[in-house]
Amino acid sequence: MTENKRSISRRTFLKTTGAVGIGSLLSSIPSPADTLAKSGTDESQPQLVPTRPFGKYFVKFPEDRQKVFLLTKSFSMRSNKWSEDLEKSFKRMNTSTIDLFLIHGVELFEELRPYRNSVRWAEKAKAEGKIRFFGFSTHTNMERNLLKASKLGWIDGIMFSYNFRSMHAKKMRKAVDACSKAGIGLIAMKTQASGHYYADKVAPNKKEQAIFDHFAEKGLTFEQAKLKAVWGDERIASITSAITNMPILQANVAAAINNTKLSLHDKKRLDQYAHQTASNYCLGCASICESGLSKDVPISDVMRFLMYARCYGELEYAKSNFNQIPLNVRKRMAHIDYKEAEKKCPQRMAIGRCMRDTTTELA
Ligand code: SF4
């Protein structure tokens, strides 16, 4: 197979898998109202999707394995750990092959070490049929990582933060374009980009209400409109979405099968909202703000952990991530002067305030 054909097939595969998954899910889902009425459950409470073990096997029939696109990650930047992590995934999922193996949370591409061994590991694992595609996920310095990867030829897939707030920036457009031309399958995450860094969300403010009303007239929720903004980009093969209850699943599926397209005016409204609320969302461009510090503080990571706590309501998860930062760094975080970093921040975020809040909120 030529390189070009192989590139097309791996992107097409991701898209096709997404479509099949949505179609088969839809036929079996009752409406949330039906489900709640039958169960006599309080509608005001979030309804979690119940789960049960599926016999002894993750994928019971060999032919079903072909219908599933399996992705797993290693949290290690060291290639000598990846075989062990892959074996653990095989065991956990009762399979002998993974479709996409990602190295999680790459901040700078050079972190993959030793570099030559990383390439060898990926090529060998593919040749042995243990993985089909190799890549990484990134929340930080994404444009740089994407551009770098697009020139290598051995990176097949990248999962990265991509949403209505970040997708129009010149550097991001260039990076996504380069990966798309190189045939790298792109998976968007953090597509909602909710913001609300500075206080617990209680009720929509005026700007939010205006945009809710705008999309409601088209029959879309604001969240569905954000998904459509990303899906509207043909260079994105798939998105990953945190689905914590049935109404979110149904809303996502409904948005995926609804043919309504965002108009130019809709996109402008999203863009305008992104500008109006920029200081509520961290873009993960760590090298910009962290270069304005005299001491080493992972601002971008801390911002993400704060987002998990305040925007996603995942306080324990946020705490467990935050507490992995070395104690001496956590201790000095609240006492550093962040003025230079704040001046450099393209989103004009209140970095000092967020860092100080985090040391008490996530301690
Ligand atoms: S705080 Fe600002 S400069 Fe730093 S990563 Fe976030 S958006 Fe970028």
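Six strands form an open sheet in the order E1-E2-E3-E4-E5-E6, with parallel pairing. Two strands pair if DSSP finds at least two bridges between them. Helices (H or I, at least four residues) and strands (E, at least two) are DSSP runs, numbered from the N terminus. Strand E1 (71-74) and strand E6 (238-239) are the edges; each has a single partner strand, so one side of each lacks a neighbour in the sheet.

Now the provenance. This is a predicted model: local features need pLDDT of at least 70, side-chain atom pairs count only at pLDDT 80 or more, and totals for chains, interfaces and linings use all residues. Residues are numbered from 1 along each chain as its sequence is written.

Back to the strands. E3 (residues 131-138) and E4 (residues 157-161) pair in the parallel sense over four bridges. Thr-138 stands opposite Phe-160 in E4. Helix H4 (residues 79-93) packs on the sheet and touches E1 and strand E2 (98-103). The direction of H4 makes about 140° with that of E1. Helix H5 (residues 115-127) also packs on the sheet, touching E2 and E3, and its direction makes about 145° with that of E3. Axes are lines fitted to C-alpha atoms, for helices over the stretch in contact; angles run from 0 to 180 degrees between N-to-C directions. Contact means C-beta atoms, placed from the backbone, within 7 Å.

Next, a helix pair. H13 (residues 299-310) and H14 (residues 315-322) pack at about 160°, axes 7 Å apart. That makes H13 roughly antiparallel to H14. The cut-offs: under 35 degrees is roughly parallel, over 145 roughly antiparallel, 65 to 115 roughly perpendicular, the rest oblique. The contact includes Val-302, Phe-305 and Leu-306 of H13, and Leu-315, Tyr-317 and Ala-318 of H14. By class, this contact of H13 with H14 has nine nonpolar, one polar and no charged residues. Ala, Val, Leu, Ile, Met, Phe, Trp, Tyr, Cys and Pro count as nonpolar; Asp, Glu, Lys and Arg as charged; the others, Gly among them, as polar.

Note on methods. Contact = placed C-beta atoms within 7 Å.
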